[in-house]
Amino acid sequence: MNRPPLPRSTAYAVLAALAAVVILVSTAIFVGVGGRGRTPAAEPHEAHGTAAPAASGEWVGSWATAPSGAEPNTRLGFPGLSIRNVVHNGVTGTAARIQLSNLYGAQPLPVTHASLAVAAAHGSPAAVPGSMRRLSFGGQPTVTIPAGQSLLSDPVQLAVAAGADLLVTTFSPTPSGPATYQNQSRQTSYLARGDQAEDPHGTGYTTKVQSWRYLTAVDVWSREARGAVVAFGDSITAGYNSTPGTNHRWPDLLATRLRTEPGAPRYSVLNEGISGNRILLSNAGPAPVNNASGLERFDRDVLGRTGARVVIMALGVNDILRTPQQRDPERIVAGLRKLVERAHTRGLRVVGATLTPFGGHKGAVDLQEITRQRVNEAIRSGRVFDAVVDFDRALRDPVSPEGLLPAYDSGDHLHPNDAGYQVMADSIDLEVLKGEAVTAL
């Protein structure tokens, strides 16, 4: 049966309603892409640039750190102080969001003001004019993070460039300790009295600190990056004894290669190194323990990272060196295999690094070198990881292969210097980062 045509005004109303539905669905798709866990929608506070971007792309981890423990002497937290964390951004994009953690807090952490900005210069507490954004959480300008938990902010529109520094500032008015922190940042961050979270000039940030507090991740909405490499390791991965403020940790230097070399996979690199970290054992103490073992923290620090595609695993040295010292190489290898299995369940490719030399380091003995060599034999056999990077071969002294080449030794015969970290990054064949996980080894 033929129906009479709709009046023009009615037709326009129908089309408008359909368009509204399309916009709502598109927004829901944007908000849900790429994130793990809760990904709150942004409220359109145009004055602070928090409307979600419309450009196509995906969320990818651009910077991250592993919380190493509860900061000593912070029983009250940092009430009445603004904490301005300076972090090195890895991905170019049009929007960003952050993760705050109260993992080691004993009580709820109130954050009444939080902001994100692009630093005016590397290491500076001042912001690029016009880049300051107030952050919200679930559409609210304030948030309280329960003890032991972390929260993701709403996304904000902000043009961020790979290689730039970002400023992430939080203010808490009341006691809420102890503070969750990463103690080996190798980067200067800042404190200021009072609520100066949105101060773009940075003049009040006169106290310098060498740790990151509460902040554990920055994600960027990007059309360039196609995932993230997670560097999972100990103090060598964290960049211990590299020059502070220069981003000369080996994961930073690898990130530069991935951004600049023709044919390189367009991945960001997330540094999940903790000084003193072991595969098998956590530090002693009440839960949550400081310096959780690789087995305990893997889900949080690797599987929980946005856009993770590949893991470079560089753990095992501290299992051999730290008391109680693990002398059985099979137990270390078995721990590595458990981590690989867990990565494979999520489709992540795992590249394993040989254990680096420590001959001459304080307390190191011949039996420990035998354990290291046997672990490395298993790694090189190809029966542990999907692929191997030989950090041992890259750093060792050909004359005395149990030790670091002097040109790469920071002086403690364990940690490389800047030149050594560069050699580590250069020794990674970028082709091994490509491809899928191998499910049977």
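## Cavities, pocket and ring contacts

The second largest cavity is lined by F78, L81, I83, L109, V111, T170, F171, S172, S176 and Y214. The model is a predicted one, and all values below are computed from it. The volume of this second largest cavity is about 50 Å³. Three strands, β3 (81-88), β5 (109-111) and β11 (165-172), each give at least two residues to its lining. β11 has the largest share, with three residues. Sorted by class, the lining of the second largest cavity consists of seven nonpolar and three polar residues, with no charged residues.

In the whole structure, the search finds four cavities of 30 Å³ or more. The largest cavity has a volume of about 80 Å³. Its lining is made up of 13 residues, of which D234, I236, A314, V317 and T356 are the closest to the centre. Eight residues of the lining of the largest cavity are nonpolar, four are polar and one is charged.

The largest pocket holds about 510 Å³ of space. N89, G90, A255, R259 and V269 are the closest to its centre among the 35 residues that line this pocket. At least two lining residues come from each of β1 (58-64), β3, α3 (250-260) and β18 (268-273). With six residues, α3 supplies the largest share of the lining of the largest pocket. By class, the lining of the largest pocket divides into 14 nonpolar, 16 polar and five charged residues.

| Space | Volume | Lining by class |
|---|---|---|
| Largest cavity | about 80 Å³ | eight nonpolar, four polar, one charged |
| Second largest cavity | about 50 Å³ | seven nonpolar, three polar, no charged |
| Largest pocket | about 510 Å³ | 14 nonpolar, 16 polar, five charged |

## Aromatic pairs

A pair of aromatic rings is described by the distance of the centres and the angle of the planes. The search of the whole structure finds four aromatic pairs. Why does the pair of W63 and W212 count as edge-to-face? The ring planes of W63 and W212 stand at 80°, with the centres 5.1 Å apart, so the pair is edge-to-face; the angle is over the 60 degrees that this class requires. This pair joins distant parts of the chain, with W63 in strand β1 and W212 in strand β15 (residues 212-213), 149 residues apart. Both W63 and W212 are buried.

F232 and F298 also form an edge-to-face aromatic pair, with 5.3 Å from centre to centre and 80° between the planes. Here too the pair links distant parts of the chain: F232 belongs to strand β17 (residues 228-233) and F298 to helix α4 (residues 294-303), 66 residues apart. F232 is buried, at a relative accessible area of 0%. F298 counts as buried because its relative accessibility is 0%, and buried means under 20%.

F298 is one of the buried residues of α4, which are G294, R297, F298, D301, V302 and L303. The elements that cover the buried residues of α4 include β17, β18, β19 (308-314) and α6 (329-345).

## Charges over rings

Which ring does the charged end of R372 sit over? It is the ring of F358, with the charged end of R372 5.8 Å from the ring centre. R372 is found in helix α7 (residues 366-380), and its relative accessibility of 0% makes R372 buried. Apart from residues up to four places away in sequence, R372 touches I320, L355, T356, P357, F358, D392, P401 and E402. One of these, T356, is among the residues closest to the centre of the largest cavity.

The charged end of R186 sits over the ring of Y240, 6.0 Å from the ring centre. R186 is also in contact with N241.

## The surroundings of N241

N241 is located in the loop between α2 (235-238) and α3. The relative accessible area of N241 is 29%, so N241 counts as partly exposed. Beyond its neighbours within four places in sequence, N241 is in contact with R186, S410, D412, H415, P416 and D418. N241 and P416 are 175 residues apart in sequence, while their C-alpha atoms are 7.2 Å apart in space.

Note on methods
Residues numbered from 1 in each chain as written. Predicted model: local features only at pLDDT ≥ 70, side-chain atom pairs only at ≥ 80, totals over all residues. Heavy atoms only, no water. 1 Å grid on protein atoms, 1.4 Å probe; cavity = no way out; pocket = protein on both sides within 12 Å on 5 of 7 lines; lining within 4 Å. Points joined across faces, edges and corners; volume = space filled by probe spheres on them. Nonpolar A, V, L, I, M, F, W, Y, C, P; charged D, E, K, R; others polar. Helix = DSSP H or I, 4+ residues; strand = E, 2+ residues; numbered from the N terminus. Phe/Tyr/Trp six-rings, centres within 6.5 Å; stacked < 30°, edge-to-face > 60°. Buried < 20%, exposed > 50% of the residue type's maximum accessible area, 1.4 Å probe, protein only. Lys NZ or Arg CZ within 6 Å of the ring centre and 35° of its normal. Contact = heavy atoms within 4.5 Å.
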